[in-house]
Amino acid sequence: MVQKLDYLKETPSQTAGPYVHIGLAPGAAGFEIYEKELGWDIAGPNAKGERIRVEGIVIDGIGSPIKDVMLEAWQANADGIYAHPEHPGEVEEGFRGWGRVITDFETGEWGFDTVKPGPVMGRSGKMMAPHINLWIVARGINIGLNTRIYFEDEAEANAADPVINLIEWERRRATLIAKRSERDGQVVYRFDVKLQGEDETVFFDI
Amino acid sequence: MRQPGEFYQRDREWHPPAKTPDYKTSVTRSPEYSLLSLQQSASEITGPTFGHNDIDPIDNDMIHNYAQPGESAIGERIIVHGRVLDENGRPVPNTLVEAWQANAGGRYRHKKDTYLAPIDPNFGGCGRVLTDEDGYYFFRTVKPGAYPWRNWVNNWRPAHIHMSIFGTSFSQRLITQCYFEGDPLIAKCPIVNTIPDQAARGQLIAALDMNATIPLDTMAYKFDIVLRGRRSTLFENRLEGN
Ligand SMILES: [Fe+3]
């Protein structure tokens with residue numbers, strides 16, 4: 001016999017189910033209960049950098065938009081600093097870097113307003129291109145899916161990004177690049193997520 | 001010097017796989033390519049933090065947080081309590097735990113829920129709380145009812161409370177469900193059974209905790225939650241690389 005390691009096991013994941021909004025975005029479920037819902041303001045009023053909107057849909061294996069998804073975004077500020085005690089540097093007052101969005105029940109469209117993040121120092125001194133980390137849960141998703149949103153207009157930084165470069169198939173790298181456009185003077189990035197099929201989005205085991 | 005490093009690799013065999021045909025909705029919502037394994041960077045070892053300004057003290061009392069003054073939710077009054085720990089057995093303090101559930105009749109307060117059990121006017125169905133310095137949390141609520149759902153013709157969810165936990169990093173983010181000891185529906189549930197290992201399924205079943213009950217008032221169940229643990233880097237740490 002050998003000695004026994006005394007690690008605990010992580011609590012297993014379960015689907016967020018169809019009523020995830022009740023717990024995490026009750027206003028969308030149709031009732032007011034909390035003074036403050038969390039995650040609707042990612043950047044706050046004082047954040048430096050370019051104000052952007054990110055929009056998309058999440059598409060299932062049949063090609064239909066999923067209408068009961070919740071997404072959470074986690075990003076650095078324009079200087080590449082995360083609002084977290086372990087990340088060196090300061091963020092602007094009111095900058096949280098975290099957001100929670102749910103899809104429209106009729107169309108499956110989601111969107112959030114924020115600032116464009118700056119490049120973030122990665123492992124071994126390799127700079128990572130600007131990106132927003134995304135976590136996706138829904139009915140039928142047994143464990144939350146992690147991916148990253150990169151930006152079309154950062155071609156040079158994207159080409160050098162250590163995470164994008166881990167993706168062996170160049171075609172699949174494109175699934176992480178949000179398309180930039182302008183609407184009524186507002187910069188809008190489009191990021192559609194495909195759960196299955198030819199252009200399945202790259203998901204990470206982090 | 002011991003410094004906090006990466007989080008332990010997630011044991012994907014302990015968690016449910018993405019595609020579990022007995023839970024039908026997963027079939028078209030499960031990625032088919034392998035996940036790309038990432039060594040963690042600042043993007044993964046950081047995550048949102050919350051404080052007492054974000055929530056109200058009544059938020060963890062689901063019996064009252066949506067009730068009219070002087071009223072309370074109908075149902076079996078229970079306390080659900082426990083600790084949030086990491087895989088090293090250390091408490092995770094000041095972390096946000098959010099919960100949502102059906103009412104005692106098995107009905108959700110949601111515009112998409114059309115089950116014929118009635119809405120309880122004094123029950124909202126969601127709560128949230130921060131763990132204390134020892135990683136401890138508690139909710140007061142009513143025991144949720146079982147409810148039918150469309151999967152096979154005749155499927156009923158065991159009584160359950162959905163729980164969302166943050167930890168200290170985006171890589172610890174977790175949503176799960178808490179079930180209750182002794183419920184015969186647990187073993188029959190295709191969602192419970194997405195988890196392949198019986199011991200892992202057992203980790204989601206809260207134990208009746210007579211020591212935590214309030215006599216003549218409220219029953220109690222204990223539900224500990226374990227988040228991913230973290231390596232201490234004993235030698236050179238290349239995580240930040242500078
Ligand atoms: Fe449920």
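Chain A and chain B bury about 7900 Å² between them in this predicted model. Carbon and sulfur atoms give 55% of that area. On the chain A side, 83 residues are in contact with 94 residues of chain B. Three residues stand out: A:E10, A:Q14 and A:R123 supply 11% of the area that chain A buries against chain B, more than any other three residues.

Next, the nonpolar interior. In soluble globular proteins, nonpolar side chains tend to be buried together. Here the largest nonpolar core has 43 residues. Within this core, A:I22, A:F204 and B:W100 touch the most other members. Both chains contribute elements that give two or more residues: helix 1 (20-24), strand 3 (69-75) and strand 8 (131-138) from chain A, and strand 4 (96-101) and strand 5 (126-130) from chain B. Helix 1 of chain A gives the most, with three residues. Look at A:I22 in detail. Beyond four places in sequence, A:I22 touches A:A29 and A:F31 in chain A. Its chain B contacts include B:W100, B:Y108, B:R109, B:H110 and B:C126. Apart from this core lies another, of 37 residues, among them B:A99, B:F123, B:F139 and B:V142.

B:Y108 leads on to the metal. Which residues coordinate the iron ion? The donors are B:Y108 (OH), B:Y147 (OH), B:H160 (NE2) and B:H162 (NE2), at 1.9 to 2.2 Å. Their spacing in sequence is Y-x38-Y-x12-H-x1-H. Both B:H160 and B:H162 are buried. The angles among the four donor atoms run from 90 to 159 degrees, and the site is irregular. The reason lies in the cut-offs: a tetrahedral site needs all angles between 85 and 135 degrees, so the 159 degrees found here rules that label out.

Now the charged pairs. Side chains of opposite charge can pair when their charged atoms come close. Over all chains, the structure holds 29 salt bridges. One of them joins A:R183 to A:E55, with the closest N and O atoms 2.7 Å apart. This pair links distant parts of the chain: A:R183 sits in strand 10 (residues 177-183) and A:E55 in strand 1 (residues 51-56) of chain A, 128 residues apart. A:R183 is partly exposed, at 41% relative accessible area, whereas A:E55 is buried, at 11%.

A:E72 and A:R100 form another salt bridge, at 2.9 Å between the closest N and O atoms. It connects strand 3 to strand 4 of chain A, across 28 residues of sequence. A:R100 counts as buried at 7%.

B:R77 and B:D217 meet in a salt bridge at 3.0 Å, N to O. B:R77 is in strand 3 (residues 77-86), while B:D217 is in the loop between strand 11 (205-208) and strand 12 (219-222), 140 residues apart. B:R77 is partly exposed at 25%, and B:D217 is partly exposed at 37%. Back in chain A, a network of salt bridges links A:E50, A:K116, A:D153, A:E154 and A:R180.

A:D79 lies in the loop between strand 3 and strand 4 (98-102) of chain A. A:D79 is partly exposed, with a relative accessible area of 45%. Leaving aside neighbours within four places in sequence, A:D79 is in contact with A:K48 and A:P119. A:P119 is 40 residues away in sequence, yet its C-alpha is 7.2 Å from that of A:D79.

Conventions
Residues are numbered from 1 along each chain as its sequence is written. Chains are lettered from A and ligands numbered from 1 in the order in which they are written. This is a predicted model: local features need pLDDT of at least 70, side-chain atom pairs count only at pLDDT 80 or more; totals for chains, interfaces and linings use all residues. Side-chain values use heavy atoms; hydrogens and water are left out. A nonpolar core is a set of buried Ala, Val, Leu, Ile, Met, Phe, Trp, Tyr and Cys residues joined through side-chain atoms within 4.5 Å. Buried means under 20% relative accessible area, exposed over 50%, partly exposed in between (1.4 Å probe, protein chains only). Helices (H or I, at least four residues) and strands (E, at least two) are DSSP runs, numbered from the N terminus. Contact means heavy atoms within 4.5 Å. Donors are N, O and S atoms within 2.8 Å of the metal (3.2 Å for Na, K and Ca); water is not among the atoms, so sites may look incomplete. Four donors count as tetrahedral if all angles lie between 85 and 135 degrees; four count as square planar and six as octahedral if opposite donors are over 155 degrees apart and all others between 65 and 115; anything else is irregular. Buried area is the accessible area (1.4 Å probe) that two parts lose on being put together, summed over both. A salt bridge is a side-chain nitrogen of Lys or Arg within 4 Å of a carboxyl oxygen of Asp or Glu.
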